Amino acid sequence: GGVLADGQRAVVEAAVTAKLAGGGDDANDYCFVFEFRDGLVHRVREYQDPRVPPARCFPPPPRAGRRVA
């Protein structure tokens, strides 16, 4: 990963690993773009590897009427 900043913007590249709720492992590459205004974070954009399906990281919500353990 790395960081590139110019005072008004910062770009951060990161490799993230995590344990999923179902017990599996996840690894993904991210790029965050921070924009600053008056010394505060004004806007954040996040990009991730499009080859990683979102359902792998975020399982669908439970169906109505189904109890969640």
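## Salt bridges

Let's start with charge: this chain has 4 salt bridges, where a salt bridge means a side-chain nitrogen of Lys or Arg within 4 Å of a carboxyl oxygen of Asp or Glu. Side chains of opposite charge can pair when their charged atoms come close. Before going on, keep in mind that this is a predicted model, in which local features need pLDDT of at least 70 and side-chain atom pairs count only at pLDDT 80 or more, while totals for chains, interfaces and linings use all residues. Residues are numbered from 1 along each chain as its sequence is written, and side-chain values use heavy atoms, with hydrogens and water left out.

One of the salt bridges joins Asp25 to Lys19, with the closest N and O atoms 3.0 Å apart. Are these two residues buried or exposed? Asp25 counts as exposed because its relative accessibility is 58%, and Lys19 is exposed too, at 59%. The cut-offs behind these words are under 20% relative accessible area for buried, over 50% for exposed, and partly exposed in between (1.4 Å probe, protein chains only).

Now look at Glu35, Arg43 and Arg45, which are linked in a network of salt bridges. Glu35 pairs with Arg45 at 2.8 Å, N to O. That pair connects distant parts of the chain, with Arg45 in strand β4 and Glu35 in strand β3 (residues 25–37), 10 residues apart. Glu35 also forms a salt bridge with Arg43, where the closest N and O atoms are 4.0 Å apart.

Arg43 is partly exposed at 42%, and Arg45 is partly exposed at 27%.

## The overall layout

Zooming out, the chain has 1 helix and 4 strands. Helices (H or I, at least four residues) and strands (E, at least two) are DSSP runs, numbered from the N terminus. Read from the N terminus on, the order is β-β-β-β-α.

Of the 69 residues, 13% count as buried. The chain exposes about 5900 Å², and carbon and sulfur atoms supply 56% of that; accessible areas come from the Shrake-Rupley method with a 1.4 Å probe, and for residues only the protein chains shown count as cover. Among contacts between residues at least 6 apart in sequence, 22% join residues at least 24 apart, a contact being heavy atoms within 4.5 Å.

Strands β1 (residues 2–5) and β2 (residues 9–19) run antiparallel and are joined by 4 bridges; two strands pair if DSSP finds at least two bridges between them. Ala5 has Ala10 in β2 as its bridge partner. The hairpin of β1 and β2 has 3 residues between the strands, and Gly7 there takes a positive phi near 100°.

The strands β3 and β4 also pair in the antiparallel sense, over 8 bridges. Here Phe36 stands opposite Val41 in β4. This hairpin has 2 residues between the strands, and Asp38 is found in that loop. Most residues other than glycine have a negative phi, and most peptide bonds are trans. Asp38 counts as exposed because its relative accessibility is 75%.

## Aromatic rings

How many aromatic pairs does the structure hold? There are 2. Rings of Phe, Tyr and Trp (its six-membered ring) pair if their centres lie within 6.5 Å; planes under 30 degrees apart count as stacked, over 60 as edge-to-face and the rest as tilted. Tyr30 and Phe32 form a stacked pair, 5.8 Å centre to centre with 10° between the planes.

Tyr30 is buried because its relative accessible area is 15%, whereas Phe32, at 21%, is partly exposed. Together with Phe34, Tyr30 and Phe32 form one aromatic cluster.

## A nonpolar patch

Finally, Phe36, Val41 and Val44 form a nonpolar patch on the surface, with about 240 Å² of accessible area together. Patches are made of residues with over 30% relative accessible area and no salt bridge: like charges are joined within 9 Å, and nonpolar side chains (Val, Leu, Ile, Met, Phe, Trp, Tyr) within 5 Å. Val44 lies in strand β4 (residues 40–48). With 45% relative accessibility, Val44 counts as partly exposed.
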